[in-house]
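Q: Before we get going, could you walk me through how to read the features of a fold like this one?

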Amino acid sequence: MDKIKILWADDEIDLLRAHVMFLREKDFDVTTATNGDDALDFIKDNHYDIVFLDENMPGISGLETLNRIKGIDAQIPVVMITKSEEERIMEDAIGSKISDYLIKPVNPNQILLSIKKNLDNKRLIREKTTSGYQQQFREIGMTLSDRLTLVEWMEVYKKLVYWELELEKSKDEGMNGILEMQKSEANTLYSKFVERNYINWVSGKDDTAPVMSHTLFKKKIAPLINKETATFMVLIDNLRYDQWKMIQPILNEYFRVEEEELFMAILPSATQYARNAIFAGLMPSEIEKRFPKLWVNDDEEDGKNLHEEEFLADQLKRLGKDVKMSYNKITNHANGKKLADSISNLMGNNLNVIVYNFVDMLSHARTDMEVIRELADDEAAYRSITVSWLQHSPLLDILQQIAAKKGKLIITTDHGTIRCKTASKLVGDKNTNTNLRYKQGKNLAYEKRDVFEVKNPADVFLPKNNVSTTYVFAKEDKFFAYPNNYNYYVNYYKDTFQHGGISLEEMLIPFVVLSAK
């Protein structure tokens, strides 16, 4: 392994010979300079892993040398050393992107620690992260062998997401593979758990039923609405819990989290069903019954989510909430900019609902567009695009304005999505819906072990188009493929992000309440 190369520039370098010798005894390759000009010449002609730079040198100053170093190599870590603790100098140095800051007199161990912090940091973090997950792997594995409650399932999922994000930072491919296997095992067991309990949850026969799509507004959102504060409910379509945890640091600058929890999307975990249920406060078959002219079935051509505002107004009336409300659905950048320009006009409302569709469009675009497939070719890249989108979208401007005007903010979603890896053969007639994670129709033929089947849609409060309608929901990471043209379907849809079925990622989704800082 090559020696770590250090450049140390200080006009009193002769007084630091003991420090230089100490580093050389530790097997570092140390070059010294007595002024900024010499230091810059060395950097132009050689590669250095780290630079120690005196702030006060004759000729060009340490800060000017720092700026010129960054012009030559922006990535090289520079540690500023100074006799002064003056705040202005510190701010100037930090603003110039120093990697560390030491006050004279320094001792050899401080120098060694700074080297480790800057050059060994990634390795140390990776080792600590790997060690931490190895311990948790055993604990999570033991937990999965128990008969878990839903609250315990939510905690398991939070832990898996936490370690997924931590291991992603550490770039440990081996441990990432182990985590992926554990997540797969968890999804297998979670699918069986949902299969056992879902009918009792939605029928009201189970007192431990979770907050679900159709009860979310009544139980969690309506109690927050008051006439003193403008409450903003921002529903980002198709936002998984891991995506929320990735964008949370951006919002932490403007908001503090008052409450963060998971709730459960109904089945199918798809926009047409889950989002309509949130706004109506009813299960799909109940919506169809109450609004026969507004509900649109899978086999009909009309838009499936065109009446959310009417559903919400009706729910507010049923809940006795006589409030001033607005509803906005954002499906493109121009609409978002327009809404951002009118936030002030919404502050007089008690409730402002904003539905933002980007993440859902991203998942569909990833299926249909080769360029998006290449940009988001795995889970980490998919999350990264979500972060980049928020940083450059009108939604961030909207959220910043809500914070500045001290509005109450709720961020939630209607369902998540899962990366599909395993094809499951299914046969249906021409009226069978096209979703890859759930199917409804008559005379369906499928692999029973791969699905949660519902022969009687009324059991789970779903509409049925005819007397023999059956619903089947794909479990784990399965996706449905027709035997005709099977290889084409498998190759085209494998590793795409889909929703509608049963998985931790699709069904356990974030509900977050934030207040302005």
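Q: Is H19 buried or exposed?

A: "Buried" here means under 20% relative accessible area, exposed means over 50%, and partly exposed is in between (1.4 Å probe, protein chains only). H19 has a relative accessible area of 13%, so it is buried. This is a predicted model, where local features need pLDDT of at least 70 and side-chain atom pairs count only at pLDDT 80 or more, while totals for chains, interfaces and linings use all residues. Residues are numbered from 1 along each chain as its sequence is written, and side-chain values use heavy atoms, with hydrogens and water left out.

Q: Where does H19 lie, and which residues is H19 in contact with?

A: H19 is in helix α1. Helices (H or I, at least four residues) and strands (E, at least two) are DSSP runs, numbered from the N terminus. Contact means heavy atoms within 4.5 Å. Leaving aside neighbours within four places in sequence, H19 touches W8, V106, N107 and P108.

Q: What is the strand order in the open sheet of 5 strands?

A: Read across, the order is β2-β1-β3-β4-β5, with parallel pairing. β2 and β5 (100–103) are at the edges with a single partner strand each, so one side of each has no neighbour in the sheet. From one strand to the next, the twist averages 20°. Inside the sheet, β3 (residues 50–54) and β4 (residues 78–82) share 4 bridges in the parallel sense, with D54 partnered by I81 of β4. Helix α5 (residues 108–119) lies across β1, β3, β4 and β5, at about 135° to β3.

Q: And what about the open sheet of 3 strands?

A: That one goes β14-β12-β17, with mixed pairing. β12 (residues 422–427) and β17 pair in the parallel sense over 4 bridges, and S424 has F480 as its bridge partner in β17. Helix α20 (residues 486–493) lies across both β12 and β17, running at about 145° to β17.

Q: At what angle do α10 and α18 pack?

A: α10 (residues 241–251) and α18 (residues 379–391) pack at about 35°, with axes 9 Å apart. Among the residues making the contact are M246, I247 and I250 of α10, and Y382, V387 and L390 of α18.

Q: How many residues of α11 are buried?

A: For α11 (residues 271–280), 10 of the 10 are buried, so the helix is largely enclosed by the rest of the structure. Just after α11, G281 takes a positive phi of about 70°.

Definitions and conventions:
Axes fitted to C-alpha atoms, helices over the stretch in contact; angles between N-to-C directions. Pairing = 2+ DSSP bridges.
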